[in-house]
Amino acid sequence: MTTFIALTPIIAVMVFLVILRMPAMKAMPISLLATAFLAYLYWQVPIIHITASMIEGVIVGISILYIVFGAILLLNTLKISGAIDTIRNSFMKVSGDRRVQAIIIAWSFGSFIEGAAGFGTPAAIAAPLLVALGFPALAAVSLALIANSSPASFGAVGTPVIVGFGEGLVEGAHVFPPVDPFMTDAGGMTSYLRLISAQIMQVDIFVGTLIPLVIVMILTRFFGENRSWKEGLQLWRFALFAGLSFTVPAFIIASTLGPEFPSIFGGLIGLLLVVTAANKGFLLPEQEWQFPDRKDWLQTWVSEELSINDEDEDRKGKNLSLVKAWIPYILVGVILVITRLEQLPFRDPLANVTIGWENILGTTVSEELQPLYLPGFVFIVVVVATIFIHQLNGSEVKEAFSTSGLAIIGSAVTLLTAVPMVRIFINSGQNNAGFQSMPMELADTMSSAIGGFWPLFAPLIGMLGTFISGSTTFSNMMFAIFQFSVGDQIDTDPTLILSLQAMGSNSGNVVSVLNVVAAASVVGLVGKEGVIIRMVLIGALYFAILSGLIGFIYALI
């Protein structure tokens, strides 16, 4: 019964969101109430402590919303200015081979967008671009979702690590006690998160490098005239080059600079390398691969009547240069770097400005946010600069802000109930029933049942978390203490187990119901979400299973 109650947040979300198919705006508040009720009734967590945990969760949720709003605002500003269309059109001229186009847009460009914006935006941008290039809608959305796996570890400038693990490893007002020696040895929480980031990439350099090959093999097998895996394998040299062009820079950056930069700079470096190689025909086979005649396409491949970017094509006529279109993203990268490097004098003045509540309602629970240091502030600063650089008028600025504000309403309701639920789950060690916290009770059960084989299963837990929530940050926050505790109890490096949690959360990103619905809607495949999930499940399982195998080998070594 104790284990069952400890699983309440997971079971509740699974039942309401997945089985009953409630929208997240309804499923998450109900799940919060169920978790709070059982925490009080069975776990005997005092009401004051539950309330404090909920307030803590709201503060954390606001910090995430701040990042989400900034990322979406920048994206909408670039759509309105015509920058996204300029970037799209430049991709169309690189290669006529559909396999190469898929790698450049879904993998390389998608990785960069994930690093800069996260929260499901890569598939929402890459899929319409592929449709505009002549891809079947089902192929476009499936490839974009599968590609948005590896870079999701560090999406939205590191949020899944910085917020997911940074908050997930905190119990009450303090770091979870077993984590403290690891954090102290690393030199503090920031350094420990950098260590986790490096460990993630040590696994991902084997798993993520193969994603471009997986993409093109799925493309040729399910959408080619010959239904051939072999036609995808013919591009293996270029595909591996594209994979390494992201994972190697991301590994170096994760090991040196930390979690903010691997995806955004790994994606940008990879994009430059891959586009240059494709332009020169480097490692490409002589024969280009094409789709069968459109008349031979299956009905499940195509969307309903769909117009991609028509309003953006018509409204501007600004004819932005490619350099000018990329300037905002370059500014994001530059500002993030100069405000994160300890050697420069910008970090401390920004990080020291905090808003929060210490010892909430007289409990041991505390939380604060850093409004000038969070990436949301950087996004907003760049938006202001973009307004002048791209010469937007007042009505266009108003449209960008209003569209972005409306876009986060659903996210606000979801986050401001989901995160408080997670904080109740994590802080439940403060109780009158004599139990450990819910994550620790689950860890005891799992460590005794599975033992040293846990690295094989750790990614599946992360996958489950993202599948039901649509957020790698949510998954990492929810299961950080649980995964760390299992690793600690089975004498396996807990940092390795946390990296496998992150890898699993990436695989869940591919099949997440929320991500699939969002991506399907932008290419006119509403109602075909089940078909999409069945298609992308291959990529998600590949990612989770291979991550577990690599982790198991690391644990044995």
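Biologist: Which residues do ring pairs link into a cluster?

Modeller: The model is predicted: local features need pLDDT of at least 70, side-chain atom pairs count only at pLDDT 80 or more, and totals for chains, interfaces and linings use all residues. Residues are numbered from 1 along each chain as its sequence is written, and side-chain values use heavy atoms, leaving out hydrogens and water. Rings of Phe, Tyr and Trp (its six-membered ring) pair if their centres lie within 6.5 Å. The cluster linked in this way consists of Phe-135, Phe-223, Trp-289, Phe-291, Trp-297 and Trp-301.

Biologist: Is the pair of Tyr-42 and Phe-435 stacked or edge-to-face?

Modeller: The whole structure holds 23 aromatic pairs. Planes under 30 degrees apart count as stacked, over 60 as edge-to-face and the rest as tilted. The ring centres of Tyr-42 and Phe-435 are 5.5 Å apart with planes at 20 degrees, so this pair is stacked.

Biologist: Is Thr-86 buried or exposed?

Modeller: Leaving aside neighbours within four places in sequence, Thr-86 is in contact (heavy atoms within 4.5 Å) with Leu-320, Ser-321, Leu-322 and Ala-325. The side chain of Thr-86 reaches the backbone oxygen of Leu-320 at 3.4 Å. Because its relative accessibility is 16%, Thr-86 counts as buried.

Conventions. Buried means under 20% relative accessible area, exposed over 50%, partly exposed in between (1.4 Å probe, protein chains only). A polar contact is a pair of N or O atoms within 3.5 Å; within protein, one must be able to donate a hydrogen and the other to accept it, and residues adjacent in sequence count only if both atoms are side-chain atoms.
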